[in-house]
Amino acid sequence: MKPVEVKKVAVLGAGTMGPGLALVFALGGFDVTMYSRKAETLAKARTTMEAALDTLVRHGTVDAAGAAAALARVKQTQSLEAAVAEADFVLESIVEDKEVKREVFGQLATLASPRAILASNTSSLNVFELSPQDVQARILCAHFFTPAHIIPLVEVVGGPQTATQALSLTVALLEACGKQPVVMKKFGPGFIVNRLQRAIGETAMDMIEEGLVEPAEIDRAVKASLGVRLPVVGVMQTFDFQGLDMLLAYQRNVGKVYSFVEERVKQGAVGAKAGCGIYDYQGRSEAEILAKRDELYLKMLDHLKEIGAFEPV
């Protein structure tokens, strides 16, 4: 099955994530059926989608006709059976409760088409352990970020028995909807971004508890440093500019050495200054690499100032 063969997407859950998830696929041109047990939840979700589309129209992301067409593609139902009937891709975003998810995936095993991909928006629960054996080849995680219709990243994670074809189709479907999927090697609680955010968040909370700084000052510090750098070089490429040899020395000092850093240093791949580190700089000189980086930093800084990003929302 190819993305062009996907005729219907089912989104299970209409709470925090559901409206944005439905819009991702509706804006991508796919028919969507949204499921919730409660009529009031569905009604609120419809209002949320309308407001979100209004914002996209004001910004120029989509025109009024495109927004109306997307909204028209989203149907709603209080019947799980009706939601997944003839669906080629089912995306679960219900409450993060093991037993509830176990029950839902058990139902999907019998209600959904045998060729439908069954995806979960979770980033914390191991749905592979909660699902029947006969769906293991077509179950995976597709973790979006709020607001799902705006943030590009989707973390895609297969289980021990997930078929390569299921992963490939999911990636292609997400790309057809304008998303940037990143496929992980295996399941790990928190996946990539939430795990990083948890580390940052817990450290920030520690500093507040220790009386070191006020919450707003932490945000000011992050926006005026990481907020400029991370969109350009991310987390890992940052180390190339620090120098992996310097990073290794620090790791040895604190007694926590990472083998992939040590191996690169042994090979002389110490970062931008060597033309190769975590990234290969394709024969460019250090001066060329730094000039490109700094130009991007300056453009990012100008943009963030222009949109008022250094002030609270």
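Just after helix α12, Gly-255 takes a positive phi of about 75 degrees. Helices here are DSSP runs (H or I, at least four residues), strands are runs too (E, at least two), and both are numbered from the N terminus. This is a predicted model, where local features need pLDDT of at least 70, side-chain atom pairs count only at pLDDT 80 or more, and totals for chains, interfaces and linings use all residues. Residues are numbered from 1 along each chain as its sequence is written, and side-chain values use heavy atoms, with hydrogens and water left out.

Stay with α12. Which of its residues are buried? They are Leu-244, Leu-247, Leu-248 and Gln-251. Buried means under 20% relative accessible area, exposed means over 50%, and partly exposed lies in between (1.4 Å probe, protein chains only). These four residues cover an arc of only 100 degrees around the axis, which puts them on the same side of α12. The arc is taken from the directions that run from the helix axis to the C-beta atoms. An α-helix has 3.6 residues a turn, so residues three or four places apart point the same way. On the other side of α12, Tyr-250 and Asn-253 are exposed. What covers the buried residues? The cover includes α11 (236-242) and α13. Contact here means heavy atoms within 4.5 Å.

Now turn to charges. Side chains of opposite charge can pair when their charged atoms come close. A salt bridge is a side-chain nitrogen of Lys or Arg within 4 Å of a carboxyl oxygen of Asp or Glu. By this rule there are eight salt bridges.

Asp-245 forms a salt bridge with Lys-273, with the closest N and O atoms 3.0 Å apart. Asp-245 lies in α12 (residues 244-254) and Lys-273 in the loop between α13 (259-266) and α14 (286-306), so the pair ties together parts that are 28 residues apart in sequence. Asp-245 is partly exposed at 28% relative accessibility. Lys-273 is partly exposed at 41%. Arg-252 forms a salt bridge with Glu-262, and their closest N and O atoms are 3.5 Å apart. Arg-252 sits in α12 and Glu-262 in α13, 10 residues apart. Glu-262 is partly exposed, at 24%.

Another bridge stays within one helix. Arg-102 pairs with Glu-99, the closest N and O atoms being 3.2 Å apart. Both lie in α5 (residues 98-111), three residues apart, or about one helical turn. Arg-102 is partly exposed at 35%, and Glu-99 is partly exposed at 48%.

Next come the rings. Rings of Phe, Tyr and Trp (its six-membered ring) pair if their centres lie within 6.5 Å; planes under 30 degrees apart count as stacked, over 60 as edge-to-face and the rest as tilted. The structure holds five aromatic pairs. In one of them, Phe-25 and Phe-144 have ring centres 6.4 Å apart and planes at 65 degrees, so the pair is edge-to-face. Phe-25 is in helix α1 (residues 18-27), while Phe-144 is in the loop between β6 (139-143) and β7 (153-158), 119 residues apart. Phe-25 is buried at 0% relative accessibility. Phe-144 is buried at 2%.

The charged end of Arg-293 sits over the ring of Phe-241, 4.8 Å from its centre. The rule asks for CZ of Arg or NZ of Lys within 6 Å of the ring centre and within 35 degrees of the ring normal.
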